[in-house]
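Let's take a walk through this protein together. Have a look at the model first, and then read on.

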Amino acid sequence: MSYRPRRAGDGSPDKPARSPRWGGPGDAGSVPEQGPELPQETSAADYSPGHGSSSHGGAIDRLSRRPERAVHSAEDTGRIPAVGAPIRRPRADAPASGQPDEPTQPVGRGTSNSDETSTEMTMTNMAAVDDEIDAADRKNLGRNSLLMASGTLVSRVLGMVNAMLLAKVVGQALAADAFRLANTLPNYILVLLSGGILNAVLLPQITKAMKRPDGGKDFVDRLLTATLTLILVVAVLCTAGAGVLMRVLYQLEGAGLHLGIAFAYICMPQVLFYALFAVLGNLLNARGSFGAFGWAPVVNNVVAIGGEIVFLSLWGQQADPSVWSSQMVWTLAGSATLGIIAQTLVLLPVLKKIGFRYTPRFGLRGYGFGQVGRFAALTFIALCIAQAGGIYIANVASGMMYRAPQGTTVAGYAAYQNAMTLFQMPYSLIGFSILTALFPQLARAWQRRASAGLGDARDLVYRGLTLPAVGIIPVAFLLMALARPIVRGIYWGISPAQASVTAPLLMLMAAALLPFTIVTFQQQFCFALERGFTNLWMQCLVTAVQVGFGFAAQRLDPAHGVEIICLGMIAGNSVLAIVFVLYARREMEGIGLARMIWLYLRLAVASLLGATPAYLVGRVVVASQADSLISQFGAMALGAVVFIIGFLIGVKLLAIDEFRAFLRPILRRLHLVRSAE
């Protein structure tokens with residue numbers, strides 16, 4: 001039973017007590033409370049599904065929506081403390097009617113029995129909060145994933161509009177390569193920060209800190225201060241060196257290089273705001289709030305789309321890098337950067353709403369950051385290796401157009417990015433949304449293994465390997481079957497020849513969709529278990545395979561160079577996926593491997609039953625309309641319907657109950673099934 005004394009004037013025992021307003025008068029020196037709740041691109045929720053509701057049920061849900069009311073039950077009027085809120089106890093001389101209470105003394109300073117009892121109650125209360133959040137996360141995994149996916153869906157739809165307009169603005173030639181390389185460069189830096197420090201360190205350490213007597217307020221403030229300082233320094237250095245990075249990392253030449261450098265100086269400040277977005281998202285996710293983080297990218301896409309519309313209205317398509325003016329550069333690159341800034345700023349009101357308050361605190365010594373630093377260093381090295389491999393691949397892809405014979409159409413970096421944008425749609429909606437909601441649960445399950453055993457962690461690993469696959473596998477087959485009409489229809493601003501060299505890239509990437517998702521889970525697994533060295537050698541493995549294929553692509557026919565790079569994506573992620581599954585099986589003392597493989601096989605067969613007729617129908621529709629744009633949309637629509645029918649027949653014949661379980665949260669949201677089902 002949690003403990004909370006009644007305050008003077010609280011009223012009758014049956015009536016819920018009122019807590020003071022966060023940081024308000026009469027609460028001097030206390031740390032404001034925090035509760036969960038987040039909108040979504042919901043970023044994770046849209047990056048997650050929760051549409052206006054808290055991602056938690058029960059006490060935490062009520063606390064997040066009504067912070068001024070205390071959480072209570074018929075048996076217990078104790079208030080569950082929020083993260084960062086001080087645990088209070090009554091003074092020893094307080095009368096039964098309830099006098100104002102005092103903050104609990106720090107652990108180790110009290111000498112009386114009452115102080116020891118208070119400390120025990122403090123730890124019990126914080127453990128109760130952690131258990132409450134974890135139970136809500138586990139219960140609402142489907143809702144959290146759907147909340148994130150709904151935001152991601154809206155964001156990705158707008159992202160497709162963004163990509164379509166961008167293809168219209170810069171085409172798919174040298175100007176397109178210049179902008180895409182410059183606009184992608186901040187992402188390479190971000191991944192080093194986000195994967196190496198922010199995602200890998202912040203969320204697990206925040207969940208640990210929440211168990212501390214003060215709710216982790218002091219620890220989290222110091223961790224955030226160090227992180228934000230590092231982010232600012234990196235952003236300033238990268239912006240100052242943007243021109244050097246463009247010259248050293250990519251194979252642009254002449255007017256394309258000069259245009260790329262101009263773009264880079266305007267795009268590089270995105271590093272700061274991308275990283276801030278990741279920090280704020282980790283704070284929200286650690287508290288079980290997924291909505292806003294998932295929906296925030298919608299704002300980014302709206303701003304970017306607005307900039308592209310303005311550009312097209314003023315200048316139309318500009319595929320030649322030699323004709324770009326400073327006004328053109330600022331309109332396109334400036335709107336892209338402004339979108340990232342806006343996506344970050346929209347999270348601030350949400351943090352304020354849940355009661356988060358940040359106080360800059362410097363100094364890390366004596367706070368247990370030594371072990372965190374070692375783990376972060378190993379993770380950072382792994383990310384450096386990954387990004388070095390990614391930059392090498394981008395370098396190889398960007399040189400394909402220069403190597404190809406004059407007048408021929410080959411896939412370059414812009415084609416690679418166009419295919420990647422389509423690939424990311426299902427990955428973000430299904431794989432990333434589910435795994436983001438699962439990650440905090442896995443971190444907490446591993447942290448309590450000493451008392452609870454490996455059962456919870458083993459179950460979560462199995463779910464991480466199977467739940468995304470139920471949606472990922474059929475979508476991968478659908479993309480492979482309809483790749484040509486999808487590329488031609490979505491990117492209507494490029495020529496049929498350019499669409500023809502991009503479609504094979506999408507087919508190959510789609511084949512890598514499942515192993516790519518498993519590798520994402522591998523990283524989260526290592527982060528949750530704080531296995532820095534394991535993540536390092538696994539990253540070396542996948543990068544070595546991909547770089548090997550990139551090396552081959554650089555020396556073979558440029559007409560198939562980027563296709564070879566995509567083959568490396570399949571090979572590298574498949575090898576690592578297999579290695580990781582075997583590793584996780586050993587660490588978890590079994591993960592239901594036979595069940596998992598049997599599920600994969602049944603999903604593949606059912607998907608093939610839908611993909612084969614969908615491919616044939618798509619070919620017939622396109623051929624009958626002489627490859628017109630209208631035929632592409634017709635092939636997509638009719639092919640998708642045929643695929644769904646064939647796939648559902650396969651699901652029925654093969655008794656894939658997991659697919660029905662996967663759909664149930666979505667159908668419930670649409671009120672197509674009863675909540676009790």
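This is a predicted model: local features need pLDDT of at least 70, side-chain atom pairs count only at pLDDT 80 or more; totals for chains, interfaces and linings use all residues.

Residues are numbered from 1 along each chain as its sequence is written, and side-chain values use heavy atoms, leaving out hydrogens and water.

The protein chain averages a pLDDT of 74, and 69% of the residues score at least 70. Confidence is lowest in helix α1 (residues 58-65), with a mean of 31, and highest in helix α21 (residues 561-587), at 95. Helices here are DSSP runs (H or I, at least four residues), numbered from the N terminus.

Now for the inside. The largest nonpolar core holds 159 residues, and Phe263, Trp324 and Leu465 have the most contacts within it. Such a core is a set of buried Ala, Val, Leu, Ile, Met, Phe, Trp, Tyr and Cys residues joined through side-chain atoms within 4.5 Å; buried means under 20% relative accessible area, with a 1.4 Å probe and protein chains only. Helix α14 (residues 413-447) gives the most to this core, with 20 residues.

Finally, find Thr337 in helix α10 (residues 326-345). Thr337 is buried, at a relative accessible area of 8%. Leaving aside neighbours within four places in sequence, Thr337 touches Ile266, Cys267 and Gln270.

Technical notes
Helices (H or I, at least four residues) and strands (E, at least two) are DSSP runs, numbered from the N terminus. Buried means under 20% relative accessible area, exposed over 50%, partly exposed in between (1.4 Å probe, protein chains only). Contact means heavy atoms within 4.5 Å. pLDDT is the predictor's confidence in each residue, from 0 to 100.
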